[in-house]
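Please read them alongside the coordinates.

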There are 2 protein chains.
Amino acid sequence: VLLTQMGWGDLGAFGEPSKETPNLDQMASEGMLFLDFYTANPLCSPSRAALLTGRLPVRNGFYTTNAHARNAYTPQDIVGGIPDSELLLPELLKKAGYTNKIIGKWHLGHRPQFHPLKHGFDEWFGSPNCHFGPFDNRALPNIPLYRDWEMIGRYYEDFKIDLKTGEANLTQIYLQEALDFISKQQASQQPFFLYWAIDATHAPVYASKQFLGTSQRGLYGDAVREIDDSIGKILKHLQKLGISENTFVFFTSDNGAALISAPRQGGSNGPFLCGKQTTFEGGMREPAIAWWPGHIPAGGVSHQLGNVMDLFTTSLSLAGLQPPSDRQIDGIDLLPAVLQGKLIDRPIFYYRGNEMMAVRVGLYKAHYWTWSNSWEEYSKGIDFCPGQNVSRVTTHTQEEHTTLPLLFHLGRDPGEKYPLSFTSDEYQRIMERISVVVQQHKATMVPGEPQLNVCDKAVMNWSPPGCEKLGKCLKAPKPDPKKCFWPH
Amino acid sequence: VLLTQMGWGDLGAFGEPSKETPNLDQMASEGMLFLDFYTANPLCSPSRAALLTGRLPVRNGFYTTNAHARNAYTPQDIVGGIPDSELLLPELLKKAGYTNKIIGKWHLGHRPQFHPLKHGFDEWFGSPNCHFGPFDNRALPNIPLYRDWEMIGRYYEDFKIDLKTGEANLTQIYLQEALDFISKQQASQQPFFLYWAIDATHAPVYASKQFLGTSQRGLYGDAVREIDDSIGKILKHLQKLGISENTFVFFTSDNGAALISAPRQGGSNGPFLCGKQTTFEGGMREPAIAWWPGHIPAGGVSHQLGNVMDLFTTSLSLAGLQPPSDRQIDGIDLLPAVLQGKLIDRPIFYYRGNEMMAVRVGLYKAHYWTWSNSWEEYSKGIDFCPGQNVSRVTTHTQEEHTTLPLLFHLGRDPGEKYPLSFTSDEYQRIMERISVVVQQHKATMVPGEPQLNVCDKAVMNWSPPGCEKLGKCLKAPKPDPKKCFWPH
């Protein structure tokens, strides 16, 4: 289960003040809560590419070199996508007889060569891009929904999202798809990998009628409640079918809560600094729960430093497969942490585009670069750290600290508010240790070819396969490739 | 159990990222978690006076009129204390045959007439003031510890607190006192009220040797872990003695975490704004757990708006007593909320000194005045909202909003970052409702005589009763009463 921009602080089990996620909280109490789990990037597409390849975006190509340290993703006019040279988790699982399905947002490119069924998935129900704009402007393409190879309609046109009331039935549709797929696999006794990547918590946030107005938190909370309810139903379905002890379920999110959308359309990053788009904890620390009754000790709490890339390696391990040996894999096998409560020493790297902004080693985090966003954007009201300005930390110019990194102790100071004194013994001692990790990382880094540099309106979803059957083909403009503009 | 300046976000059950409070989390899972529980004041003495009288500090005299909206408490040179005219919870419980003991910090005045044994308590082991300064400067009086009527030593001199290492054995001593008292009461089959008011989480923070260095959060976390362990031992002791089903236990704190002491000596207020000294949520929303096996349904979560003053009324209710009818009581009986999950409609008033700064009704909170602290203090580095500046909200001048209050929806926006638009229908509708509540409150308010206006070095703990037996009497200077200076 991969949510989009749900924050660390959005679940009751993680301290959300309204405690409106009884199913996820129960999942945690029956499984293992990961408190130090990270995404690979503070933005959606690169995180998803990292999850499915087990590799940092800077290796798998999901980044830009158009400017320094910029967040990039896959809007409709992006030319790039997941390279054929990358090996995705479903491609590898196929070799072990798994049937692979993606339900929801793909986000690894929408041109024909990037189609998920060309990258290991057997089935797809969902959209190639995020469900936002152009909001039923039919002259521009609304985002298509696919069933497998062909589109079956478009958001706003055939799959309604009422922007005024926030009503949409999509989570229910995605839930039913999941339950049906699980039933089918159980009936045929086939092993399966289900990547349930719903998007109700991404602005414009939506929920079904039965959940609208039921949360103390407004529409965003309604969406969270519906997702919580859906996950409860999926877990109960696995139990009812008698396959819960054969099914490893992992819940997490692709980036921190988008504070620019808060409070009506955005979530909470708990005690952490800033949100989506930043390499502070609020941008990349994620809620995470592992569930596997009969295998994972109930009620466990793990401080293992984890990353979405670990789901690649861990899933291979569960299927009895080895990760590819011809390339650098950043994900580790979490099974010793999950099953035996072991703690594996490993660093967490915080990238923004082509730059390693920060690194975490143990409880310490060193910032080599800081940036929230530009003064130009900030003066227009775009604030990734609303109400959280920390002097010399949440900077509006890109600040280099490579000679003297800003160092935080995330145990004493989870909010990254109090940098350690550069002259302290603790600073000296810890930075010696961290420097070795960073040097090793940089020395062996081979960046992939950047996929998110070029944009072209001609590549938008004008005429996805299947559009002719629906009378929904639109005429693309002439090709006009340009460098994409990534402002932050 | 009343802690001092432990924050809402300091317990695992409330989302603290290190999850180091297994005993309190278990207490919550066996009892009821209160998510919307408040103290009566963002500072220690007034909150404690409110808890024991069931009345707002502005009624019971625990406030100052030396300047507008100032926090005041009971340092060593305070002349005032709890008035004889106030009826304290132990005074009333005595009538129902209860034995009452206070262990820890009293804080309702240290001159002879304010002694806790003159106000209903039968036994006392602890100190009249907070354990800070003058830190073993024997020319000024260090804070005395009393056993019942007489002092038995002083902090730093006879009861060691090592300020360098943070080592002190005091929580263990206070724990043993509690266990012994409970055993004695159980043996004699006497009903009892134990007010366990320890102070290890107040700066200078301390912990026993066996807990030092065991937390991911540093010394503050070590203190929290020791308290968590102690509370686990108290609950197990009740169970072992077979009286857990006859003993109502409530856990809470007297004000929000002191962010000026963070991160080494201060806690976390979770997602809430600012800390101690302020009337934002971080200053007054508290962790709270009710525990009473066999009576309170296990694992309950309550959104009842609660207040420490309710512990007065609820305790009387448990003892079969009525609250006094000759005075305004602000606390309500929480038993319907605790035992039957009912929600009682009631407002929460946020006072700072003599001013009602804000009020909460349902999920809405209206600020009639805002102030963090003065520019003068702020420029010296005293910041009650570090890293949390919210424009026009965390103001450094006292800002009056009485004609157009700042309104927040605490469900959508627990961090008080996004005031509702004054021109919205929602604002109009809600403020109409809140205005009625505020008018009624103000119309019937009879302030008590302010007790915290006058300070005099002559009243410090120079020669507490019993000092002569220990050779610890110091000579007081001549009386020189002055207006106390309360800077914030």
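1. Which residues are buried in α8(B)? They are B:Met309, B:Asp310, B:Leu311, B:Phe312, B:Thr313, B:Thr314, B:Ser315 and B:Leu316; buried means under 20% relative accessible area, with a 1.4 Å probe and protein chains only. Helices are DSSP runs of H or I of at least four residues, strands are E runs of at least two, and both are numbered from the N terminus.

2. This is a predicted model, in which local features need pLDDT of at least 70, side-chain atom pairs count only at pLDDT 80 or more, and totals for chains, interfaces and linings use all residues. Residues are numbered from 1 along each chain as its sequence is written, chains are lettered from A and ligands numbered from 1 in the order in which they are written, and side-chain values use heavy atoms, leaving out hydrogens and water.

3. Helix α8 of chain B (residues 309-318) is largely enclosed by the rest of the structure, because eight of its 10 residues are buried. The cover over those buried residues includes β2 (32-38), α2 (44-53), α4 (89-94), β8 (249-253), β11 (306-307) and α9 (335-340) of chain B, contact being heavy atoms within 4.5 Å. Just after α8(B), B:Gly320 has a positive phi of about 75°.

4. Chain B also has an open sheet of four strands, in the order β12-β13-β14-β17 with antiparallel pairing. Its edge strands, β12 (348-352) and β17 (406-409) of chain B, each pair on one side only; pairing requires at least two DSSP bridges between two strands.

5. β14(B) (residues 364-367) and β17(B) are joined by four bridges in the antiparallel sense. B:Ala366 has B:Leu407 of β17(B) as its bridge partner.

Terms used: Buried < 20%, exposed > 50% of the residue type's maximum accessible area, 1.4 Å probe, protein only.
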